Amino acid sequence: MTGGTAGAGEQAEKQRFFEPPVTETTTPFWDATREHRLVLQWCAACDAPVWFPREVCPSCLGSSLEWRPASGRAEVYACTVEHRPTMPTPFGSAPYVVALVELEEGPRLMTNVVGCDPHAVTVGMPVQVTWEQLSDGRNLPLFEPR
């Protein structure tokens, strides 16, 4: 699923203090983000979506996992507005939103909600994936209001 991206000038100002690591298990996920595609693992044995990437299904312990496209649509399940970041953020100064979003496919993932006033983000808000470019060409999935 594709989504919006920050403009070149805005992107140049953003820099994450830590970037997520790539492992053998997560490589297909990160490769898809290079093309602004959000993918999830699915268990071929029990047809359960799997998030975060891993080697066995947490539902049935099966090891037949495959990658499938995700819609990129979600709903805010929980959120908080951070007013005092403990380390540098790509969002400039605080406040910014840390949220748990529930994807249409079922899994929940921790992310940031961007593209709106942080205090406007509420539980139940419909959001869609957008992307923050990382230093190595990968893109980090963030979410913005739909």
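Two strands count as paired here if DSSP finds at least two bridges between them, and strands (E, at least two residues) and helices (H or I, at least four) are DSSP runs numbered from the N terminus. The views show a predicted model, in which local features need pLDDT of at least 70, side-chain atom pairs count only at pLDDT 80 or more, and totals for chains, interfaces and linings use all residues. Residues are numbered from 1 along each chain as its sequence is written, and side-chain values use heavy atoms, with hydrogens and water left out.

**View 1. Strands 4, 5 and 6.** Follow strand 4 (residues 73–82) alongside strand 5 (residues 96–103): the two are antiparallel and share 8 bridges. Here E82 has Y96 as its bridge partner. Strand 5 is also joined to strand 6 by 6 bridges, again antiparallel, with E102 bridged to R108.

**View 2. The open sheet ordered 2-1-3.** Its 3 strands pair in antiparallel fashion. Strand 2 (49–50) and strand 3 (65–69) are the edges; each has a single partner strand, so one side of each lacks a neighbour in the sheet. Strand 1 (residues 39–43) meets strand 3 over 5 antiparallel bridges, and W42 sits opposite E66.

**View 3. The largest pocket.** A pocket is an open set of points on a 1 Å grid over the protein atoms alone where a 1.4 Å probe fits, with protein on both sides within 12 Å along at least five of seven lines; lining residues have an atom within 4 Å of a point. Look for P20, W30, M110, T111 and L140, nearest the centre among the 19 lining residues. Strand 6 contributes most to the lining, with 4 residues.
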